[in-house]
Each structure stands twice: as structure tokens, then as C-alpha cells.
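Morning, everyone. Please bring the model up on your screens.

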Amino acid sequence: MNFEGKDILSTENMTKEEILEILRVSAKMEELCKTRHVSDLLADKVVAVLFLEPSTRTRLSFETAVKRLGAKAITVADAKTSSTAKGETLADTALTVEGYVDCIVVRQPQIGGAKVMADAVKIPVINGGDGAGQHPTQALLDLYTILKERGTLEGLKVAMAGDLKYGRTVHSLTYALAPFTPKEYIFCAPDALQMPEHIVADMKKKGIPCKVTASVEEALQADVLYMTRIQKERFSDVAEYEKLKGSFILSRQLVEKGKKGITIMHPLPRVDEITTDVDELPNAAYFRQAHNGVFVRMALLALVMGRA
Amino acid sequence: MNFEGKDILSTENMTKEEILEILRVSAKMEELCKTRHVSDLLADKVVAVLFLEPSTRTRLSFETAVKRLGAKAITVADAKTSSTAKGETLADTALTVEGYVDCIVVRQPQIGGAKVMADAVKIPVINGGDGAGQHPTQALLDLYTILKERGTLEGLKVAMAGDLKYGRTVHSLTYALAPFTPKEYIFCAPDALQMPEHIVADMKKKGIPCKVTASVEEALQADVLYMTRIQKERFSDVAEYEKLKGSFILSRQLVEKGKKGITIMHPLPRVDEITTDVDELPNAAYFRQAHNGVFVRMALLALVMGRA
Amino acid sequence: MNFEGKDILSTENMTKEEILEILRVSAKMEELCKTRHVSDLLADKVVAVLFLEPSTRTRLSFETAVKRLGAKAITVADAKTSSTAKGETLADTALTVEGYVDCIVVRQPQIGGAKVMADAVKIPVINGGDGAGQHPTQALLDLYTILKERGTLEGLKVAMAGDLKYGRTVHSLTYALAPFTPKEYIFCAPDALQMPEHIVADMKKKGIPCKVTASVEEALQADVLYMTRIQKERFSDVAEYEKLKGSFILSRQLVEKGKKGITIMHPLPRVDEITTDVDELPNAAYFRQAHNGVFVRMALLALVMGRA
């Protein structure tokens, strides 16, 4: 398996072996960070971190990865100051920046935008999120977190709760975990925000039992509960939102009634869907999950630049 | 005295010994910069420079300090692109970033916000200004400048002029200098913008003679004159502002009528409260004062990361 | 010839020898980048990259140059967060930043602004574009590109097309190439956007034949065709714009009817004035031109800091 020069655009077309290789290198990077906080693995590389749509958390995670590998970053943190704002195409932006750097990390709002850039240039492009499209580094850090927290990716009962209709993160995770033969998926959401039927059907076709429910108590019987935020703006009826919101808040009391040792994940930022008294429980994996993103992104940078 | 792992939130709870230790290390850093412009003292460290409220001058000073120590910076320069803007709490921001970096520098508009972040995480947090609250690195660079310009912090006659009512900088300096037994404080401001009475009372309780005046000529009889800007927006009556403004402009002519060798300071940016013909006088310490900020911030970074 | 400590404010007052020296060092930098992607030539330097007016392309090019030389950058990417926005003068900004860094790169909208800053400080200042004024690094990278693409700067027939009235880039190029005895200048634009008469007169005075035309076909008979964008906002009559626009679009078909081996340049970003099917032609030099900017900027940074 050779990732050198490859683009990382989506997890959907990755084989199980490719995913496992990325997670193996991520663990190597986590180990590297313990012994050498800043390595010189990519000391001769410059990486463009182009956030044409703002996302501080993901940007800082990528920049940390770049810097802990000893590489240099040139950064766009804000869409409004970019050439794209002057009417330049994404392909032209990529072709220009190709002359500056060894790898492009890009986040922008257009579905397929990262692929357009990857197709235009010879250097590797890593998709840092393309609107409602793909966000492969999030999916991979979710898998890496599950692997670390549970010791395995195989045969798990995994629940997802919150906004499953619009949540790109949970869609990607559902597909990315599928090759690891989950024991069951529990999709826990209000009716209006349930997992799209074609995804549920896809999973059933793969032989994965799926439970569709609105009860967080049921979701808490899984090995892993992946929480997401229910956004007010998804509801036309505010009263409906207010009514539902309360049923999808995870408190310490609820967690303690759930399966012993259940792993609680969340892509962050959280607003109030997990109360802060959950944070101190060993089950609360969401900040560790955010930290794991650095190792996974280090792995991808090292892999596509042929240094892993 | 060991600063390793400590937060720098305020100068108010610092002992005289702690302040002197920081100034001693600042001098060491200034020396280091002369021999090695960029050192490798913190070459294995990554620092988050989170300016959730913009302040270019302070941000660039901190980033210079980070880089002259050989450390890497990940930066937020603008509030609008931050996760906080999405409703995340400061504690959650800190808990996330804790997994990326070895130290957090933060500026944000909420009084006590830096402390909230420091309480949430195990890594050191340096307060780069929390609204109307504390701005300890400014107070320390002011002390360092006085020490360098006058040769001592002890027994000085120190005047402060301009907006003493709302000026966070002059409040902090008043308290920070107090342990060094000033010979006298001269508070020079229009009545509406005078030093708050409780601060004057506090100083008198400590046995420091305080003169309250509206005459810049009197202020110019001190060893050090610390100028600040009178902001138009503090006045409900524009005519009142226009009338007063002129009396608080420092010209070369005025300085030359003042005490020989008086040190003129200003936290910058200045607008027109010091005329540019003052700049060439040896008394004008304000640009040296800005430059000193780099050494003081280097000292704090090195101290809290256990490398001073 | 010694550039150490000098400012780079304009190409207009540069001698032919100075320009050739900069291009010679640019070639050296291009060679350096091939053998050592990131060198340590300026490893002990910190450079301020102050973009008080946004220009992502130029900023990223400068930052790449800084980082490929091993120097550190402190960056302002956005005017709104800068001290200048608080009413500080450019001279004061320069005097403050002088205490942080070894060199200032500045882009800002005020004609002569870079010179104001250069006059205020002792460290070298490089003008990254001052509004409708000068943009010397663009002119130098244009010359470097012509030299590389054509093997010489001497005796060329050079056409410029598009908006020649307001185009700062083509004005600078016209003057910068003049000492290299061009065989002919072809100025190709709609009447309303033609090259200012005083510039044409200046060139004629230097003995350079000038053809003024509105025909792109004629322009395509040159050795080099420098395209620029015609901006809608230059026209009071939108219908007039729509009518003209079409005549100044360069397609593959047009290029293939032009002089064999003609070099096509463009300062970028392009919108639709060159169709993308031109990109694959060996004549299309515009992305190479953008990439050359890094080497030219590396050369200037190394020269003014005495390390070339």
C-alpha cells in the first residue's frame, strides 16, 4: 500500500486495508509525539492550509499536525481575503499554490471542490471538508478514537444520536465502520431528523442489524454512543424544537443508567447536548477524540508525502 | 521560585520576588536575542496564540516571542472565525486546544475568561488581555521598561496622564509598582477621567503620596510620565472632549520644560496625544517599551514551560 | 552592488545592473529550492508580512519565500484587525514592528505608504504593493519569467493586452523592460482602456517603437503577450463592456493562429480572459510566472538581509 502522491478526498472509496494502514500510522505518530514533541520528518516540506470557509478547530488541528512534523504552513484562515473571492476558480487557486507548496489541505463549502483541486494539480490534496460533502479526516479520527477506546473496530454495537438527517459526520462514520462488521447500529433521533432511509437500507443490505429509535436510553445500551447537535435552524416550528431538544441532552445521570463502560463521542463543538458533568466520567471520549485528530492528520500528511 | 506549569493571569497576586524573577529572565532573553536571534530553547513546543478579540500589536509581539524561542505557533487572529462564535464555551475551547499544544496564550473580551480557560486545563495559560480585566504582560513590560530606563524600580516619582478612569493599563501599573515604594504618584487627568477613588485610597493606605491634578506641567516633574489616550467615545458632550483634548497633548516644547531626563512612556497605539517631534528625544521610551514586550513574553513562555 | 539594508520600494529607480543582479540571485534561489526544499539561509531571521490590504496570492508567495529560506514569519492577513484600523500611522506601525523583526514586507492601499514606513525605520522594507502605486516584486517576477521563457530580456517584441489604462502591472513592466531595448511594444486595448499617452510618449522618447491597437490578432505577433483582465467596473455603460469583453478573450484557437512559440503571461487571478484550453499549451507561462514569484521574493529577502 503506497499513499505517496495520493489525494485524501473521501473515506468512501478506501479499502478496509487502507483505513487500517492509516490508523496504524496514526498510532505511530502518537508514539512519535510522546518521544519527540516536534519531529523533523517533514522538515523540508511546506503545506498550504487553505480554509476558504472558516473552521478554527479543524484548521488548528491540521496546523498542529504540520508543525509537529517539522513542516512549514502557509495559511488562509478566512474566505473573504482569498483569490476565490475575486472570482478565481478552485482549479486556478490550486494551480497557483502548487508552485508554492508540497501538499494542499483545503476546506471550502462546495461539494466536490477538493476533488476539482486535486484533479488540477500533481501534488497531493487533503480534503478538510467540502460543505455537505466529505470530511475524511473526521471519519478517520472517529475510527481511530473507537479503536483506541474499545481496543477493536470489529463487532461493535454503535449508536448515533441527535441530528442524523443532516449530520455529515454520522453518515461518513456509518459507511466507514461498515466493513468492520458492526454487531448493530442504533440510530437515535427525532422522526424529522432520522438517518436517511437509503443509508439504513444500505447497511441492512450489508447485513448489519439497524435499530431506528427516538430513545436515548436505548442508544445508551451500545458500546459507543456518538452524539451530535440538533440545530435549531433545522426546525420550521420553534416549539417543536424546544420540545425535542430536551430529549436529546445527555446528562451524567443518563450515562450512569446506560451500558457500563459505554464510550461517549462527539465531533465538537458541543453547545448543551452533553452536560459538563459528563466530562469527568472516563466514558467521555470527546476531548480525547479531538486530540486524536492531530495524530491522524500527521499520519495522512506523512503518508501522502511519502515519509510514513 | 518555580513558574513551570503555572498560569500568568494577573500581576495583582504576584509577589515582588516573582515580578523581579520575571524581569531578571526578561533581561536574560534580551541578551539571548542579541547573540542568537532565533534560539532553540523551545524548539519542541507548540503554542496556541488565540486572539478571540483582535489586537494585532499584542499578537505579533507574542508570536515574535514564540518564534524567537524556536517554538511553533498556531494562531487565531480573528474572533469571527473561531469556535467560540459557534456557541462553544471558553472551557471547551481550552480543553480542545489542550490536546494540540504545550501552552495557550489567549486574548478575549470577557473579564475572567483567561481564568476560566486556565481552570479547565493542565497546560499553562497566559492572559493576553481579558477585556476590562487584566493584561499582565503589559504591566510586566511596563515595569521592565521602567527598570531599564531608570536603572531601578524603587523610590520613583511616577506620573500617569490621560484617561485614568477607564485605562486598564494605568490601573495595573499603579498596583504593580506599589511594592517598589514609589516616592509619589501623580494622577493627571480631567476630572471626568480621573483615577478611581478606591485606587487612590488603596495607594494612600500603602503609604504612597498621591497627587491628583489636571496639569500636564505638574506631571512632567516626575521621573516617569506614562501617557494614555483620551478616547472621544468616553464623552457624552463632544464640545467637552474637544476642549479637554488639547490640554492632554504632549509636545516636544512641553517635554523640554519638564524634569530633565524624564522618561516618557505610552502603551501605544498613539493617535495624537504625543506629537511626533517628541519621538527623537532620548526621553521617548514608548517604542523601546513596545520592543521590550517581546523579551518579557519570551521570559513568561520560557518560565511556564520550565525552560528559563 | 550591495542590497544589504536597502528597501525595495519600486523598480523605477533601479538600474539595469541592479535588476540583473536580482534576477541572477532569483535563479540561484530556484536552484537552491531544487536541492534543499527548505534551506537555513535566514534561519535566524523573523520577517513581518503585513498585508493591511488583503491579497492572498501575494501574501502566500511571500510567506513561502520566507519559509523556504528557513526564516520565521509573523503575519497580518487582514486590514480590519490591524492597529492602523485604530488610527495609528503607518510610521508608528513600522516603528513598533521594527522591534520585533529583521525585515518588513508590507502591502497597503495608500500610494507611497511603503516609503513612509521605510523612511521611519532602519530595517529593510519590501513593498508588496501600495495601492495604485508600485508593486516591484510583481515587475521583477515578470522580468524573471520573460528571461526564463525567452532566454533573454533583450530585443523582444512585447505585447500587452486588456486594461492598459488602470493596470499597474503593465505600466511597471513597460518601464522595467525599457532598458533592455525592446524591438517593439504592442499596446492592445479598447480605446477607453489604452495605455496612457505619457507612457507611450516616454517609450518613444527612449527610441522604442510602439504600436497602439485594438486587435488581439496583432498582439499575438509578439514574442510575449501579457494579458490582463478588463474589469466591468471600469465601464459606465454595461452594454459597452459586454460588447468589448469578447474581443479580449484569448482562446486556444487564437493562440494557435499567433506567432509560433509566443509566450502568454498573466498576473493572475484570471477570470475568463484566457480560456482554460490555453493552459495545456507550452506557451501558457502564467502559472510558471506565479511560481517564479517565490524565487524572486526569496532573492529580495536574502539580498536585503545581506545573505545572498
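Chain A has 11 helices and 9 strands. Helices (H or I, at least four residues) and strands (E, at least two) are DSSP runs, numbered from the N terminus. The radius of gyration of chain A is 19 Å, close to the 19 Å that the globule rule gives for 308 residues, so chain A is as compact as a globular protein of that length. That radius is taken over C-alpha atoms, and the globule rule is 2.2 Å times the number of residues to the power 0.38.

Some ground rules. This is a predicted model: local features need pLDDT of at least 70, side-chain atom pairs count only at pLDDT 80 or more, and totals for chains, interfaces and linings use all residues. Residues are numbered from 1 along each chain as its sequence is written, while chains are lettered from A and ligands numbered from 1 in the order in which they are written.

Back to chain A. Its C-alpha trace spans about 55 × 45 × 40 Å along the principal axes. Of its 308 residues, 56% are buried. Buried means that 20 or more other C-beta atoms lie within 10 Å of the residue's own; exposed means 12 or fewer, partly exposed is in between, and C-beta atoms are placed from the backbone. Now contacts: two residues are in contact if their C-beta atoms, placed from the backbone, lie within 7 Å. Among contacts in chain A with a separation of 6 or more, 74% are between residues 24 or more positions apart.

Next, domains. Their bounds come from an automatic or database domain assignment. For chain A it gives domain 1 (16-134 + 293-304) and domain 2 (137-289). Their centres, taken over C-alpha atoms, are 27 Å apart. Where they touch, domain 1 of chain A puts in 13 residues and domain 2 of chain A puts in 12. On the domain 1 side, α1 (16-35) and α11 (286-304) of chain A each supply at least two residues. Which one gives the most to that side? It is α1(A), with 5 residues. By class, that side of domain 1 has 6 nonpolar, 4 polar and 3 charged residues. Here Ala, Val, Leu, Ile, Met, Phe, Trp, Tyr, Cys and Pro count as nonpolar, Asp, Glu, Lys and Arg as charged, and the others, Gly among them, as polar.

Look at strand β6 (residues 184-188) of chain A. It is mostly covered, with 4 of its 5 residues buried. Strand β5 (residues 157-161) of chain A runs parallel to β6(A), joined by 5 bridges. Two strands pair if DSSP finds at least two bridges between them. In that pairing, A:Val158 stands opposite A:Tyr185. From β5(A) the chain crosses through helix α6 (residues 168-177) of chain A to β6(A), a right-handed β-α-β crossover. Right-handed means that, with the strands pointing away from the viewer, the path from the first strand over the helix to the second runs clockwise. Strand β7 (residues 210-213) of chain A is also parallel to β6(A), with 4 bridges. There, A:Cys188 stands opposite A:Thr213. With helix α7 (residues 197-205) of chain A between them in the unit, β6(A) and β7(A) make a right-handed β-α-β unit.

Now chain B. Is strand β2 (residues 72-76) of chain B buried or exposed? All 5 of its 5 residues are buried, so β2(B) is largely enclosed by the rest of the structure. B:Lys72, B:Ile74 and B:Val76 point one way, and B:Ala73 and B:Thr75 the other way. Strand β1 (residues 46-51) of chain B runs parallel to β2(B), with 5 bridges. One of the pairs is B:Val49 with B:Thr75.

Finally, chain A and its neighbours. How many residues of chain A are in contact with chain B? There are 22, facing 22 residues of chain B. On the chain A side, α2(A) gives the most, with 8 residues. That side divides into 10 nonpolar, 5 polar and 7 charged residues. The contact between chains A and C also takes 22 residues from chain A and 22 residues from chain C. Here α3(A) gives the most to the chain A side, with 4 residues. The classes on that side are 9 nonpolar, 6 polar and 7 charged.
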